[in-house]
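Subject: Handing over the structure

Hi there,

I'm passing this structure on to you, and I hope you enjoy looking through it. Please open it first, then read my notes beside it.

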Amino acid sequence: MIYTLTLNPAVDRELTVSQVQYDTVLRASHERIDFGGKGFNVSRLLQSLHTPSTAVGFLGGKSGEILQDGLKSLGIATDFVWIPGETRTTVSIVDQSSGHYIKVNEKGPPVDSDKQAQLLDKIAALAQAGDWWVLAGSLPPRVPDSFYADVIRLLHRHGARAILDTSGESLRLGCQASPDMVKPNASEARQLTGLPLETLTQAAAAAHSMHQIGAQNVIISLGQAGALLRTAGAATWFAASPPVLERNPTGAGDAMVGGLVWALAGGLSPQVALGWGVACGAASASLDGTEMGTQAYIEELFQQVLVEDARVPDKG
Ligand code: TA6
């Protein structure tokens, strides 16, 4: 069974304007709403691959009901801890003339320790040996940076496995709990390790540094370039992204995590999972909002992905 844990979900609103101008009223030529939050996006990708998952996390208020109803309308099972306050909204303004976008994420409603304890109890009741759990996204106010690390240790006590996609101190502490896989982007890996990430060799060194902190398998997503994998067994692989016309990269990292967990849960190797993750990320980046590609589109892109041994020769 696959679960996605989103502590700080969001209703993602995307507005497209012909050109961003300040101090005037702009009229949106196109608008869309996605049922977002990083873990929920992973569940939506899995749904595109006709793979069931259960979305778990904190929800509150009317926007929480919108998300719950939206996920259920997509056929995604849900199991939430309801909190006071209103689940947040994120807003993207897409400038059609330049292709650039502005994205603003609210911080989300605070979650007190009693609700945090309720969620940990829920996870303990759900987790079974062999399950895969995706832990993804930012932490809401009042949730400690150690929370993901606590969840990872709890999952491992139940024989379940964890993929972590977050940033900053919660990523560092999460790595110390030895997650089965972490998937930072280049900026998150640079922030954590303090290492440059301009070349594949540097990305491999940063992945090795994250492994030394405790993460088992490390995948660093590199945007349109693709992604690099360093396995727990110290192998290094690189998969270049298939060429797509990028429309909105928001959510592409979540789609990549969806492809990874789909492949790993299906018993495929980390390096084959890398190829599926890159194909899923490229599909999502080529679509509006945080839309996830169809299975047929993803499979078409996967055929174009070459996963190569990127081992750095010893200096000898
Ligand atoms: O990665 C895309 C996305 O999940 C959006 O759907 C939006 O919800 C945002 O990122 C949430 O990210 P955060 O890091 O704030 O949890």
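Below are my notes on pockets, cavities, a surface patch and salt bridges.

Please keep in mind that this is a predicted model, in which local features need pLDDT of at least 70, side-chain atom pairs count only at pLDDT 80 or more, and totals for chains, interfaces and linings use all residues. Residues are numbered from 1 along each chain as its sequence is written, and side-chain values use heavy atoms, with hydrogens and water left out.

**Pockets**

On a 1 Å grid over the protein atoms alone, a pocket is an open set of points with protein on both sides within 12 Å along at least five of seven lines, while a cavity is a set of points where a 1.4 Å probe fits but cannot get out; lining residues have an atom within 4 Å of a point. Grid points are joined across faces, edges and corners, and a volume is the space filled by probe spheres set on the points.

The largest pocket has a volume of about 910 Å³. Its lining has 45 residues, and those closest to the centre are Pro-249, Thr-250, Gly-251, Ala-252 and Gly-253. At least two lining residues come from each of α1 (38-48), β6 (88-95), β7 (101-105), α6 (186-193), α8 (252-265) and α9 (270-285). These labels are DSSP runs numbered from the N terminus: helices (H or I) have at least four residues and strands (E) at least two. Sorted by class, the lining of the largest pocket has 14 nonpolar, 20 polar and 11 charged residues. (Nonpolar covers Ala, Val, Leu, Ile, Met, Phe, Trp, Tyr, Cys and Pro; charged covers Asp, Glu, Lys and Arg; the others, Gly among them, are polar.)

The second largest pocket holds about 200 Å³ of space. It is lined by 13 residues, and Thr-16, Val-94, Gln-96, Arg-247 and Asp-288 lie nearest its centre. Two or more of the lining residues come from each of β2 (10-17) and β6. The classes here are 1 nonpolar, 7 polar and 5 charged.

**Cavities**

How many cavities of 30 Å³ or more does the structure hold? There are 2.

- The largest cavity has about 50 Å³ of space. Among the residues that line it are Asp-12, Arg-13, Glu-14, Asp-34 and Lys-103. Strand β2 gives the most to this lining, with 3 residues. By class, the lining has no nonpolar, 6 polar and 5 charged residues.
- The second largest cavity has about 30 Å³ of space. Its lining includes Leu-7, Phe-58, Leu-59, Ile-83 and Pro-140. By class, this lining has 7 nonpolar, 2 polar and no charged residues.

**Surface patch**

Tyr-22, Ile-102 and Val-104 make a nonpolar surface patch of about 330 Å². A patch is made of residues with over 30% relative accessible area and no salt bridge, with nonpolar side chains (Val, Leu, Ile, Met, Phe, Trp, Tyr) joined within 5 Å and like charges within 9 Å. Accessible areas come from the Shrake-Rupley method with a 1.4 Å probe, and for residues only the protein chains shown count as cover. You will find Tyr-22 in the loop between β2 and β3 (30-36). Is Tyr-22 buried or exposed? Tyr-22 is exposed, at 65% relative accessible area. (Buried means under 20%, exposed over 50%, and partly exposed in between, with a 1.4 Å probe and protein chains only.)

**Salt bridges**

The structure holds 9 salt bridges, each being a side-chain nitrogen of Lys or Arg within 4 Å of a carboxyl oxygen of Asp or Glu. Here are three of them to look up:

- Asp-34 and Arg-32 meet at 2.6 Å, N to O. Asp-34 is buried, with a relative accessible area of 5%. Arg-32, Asp-34 and Glu-291 are linked in a network of salt bridges.
- Asp-254 and Lys-38 meet at 3.7 Å, N to O. This pair links distant parts of the chain, with Asp-254 in helix α8 and Lys-38 in helix α1, 216 residues apart. Asp-254 is buried at 4% relative accessible area, whereas Lys-38 is partly exposed at 34%.
- Arg-172 and Glu-169 have their closest N and O atoms 2.5 Å apart. They are separated by about one helical turn, because they lie 3 residues apart in helix α5 (residues 168-175).

Happy exploring!
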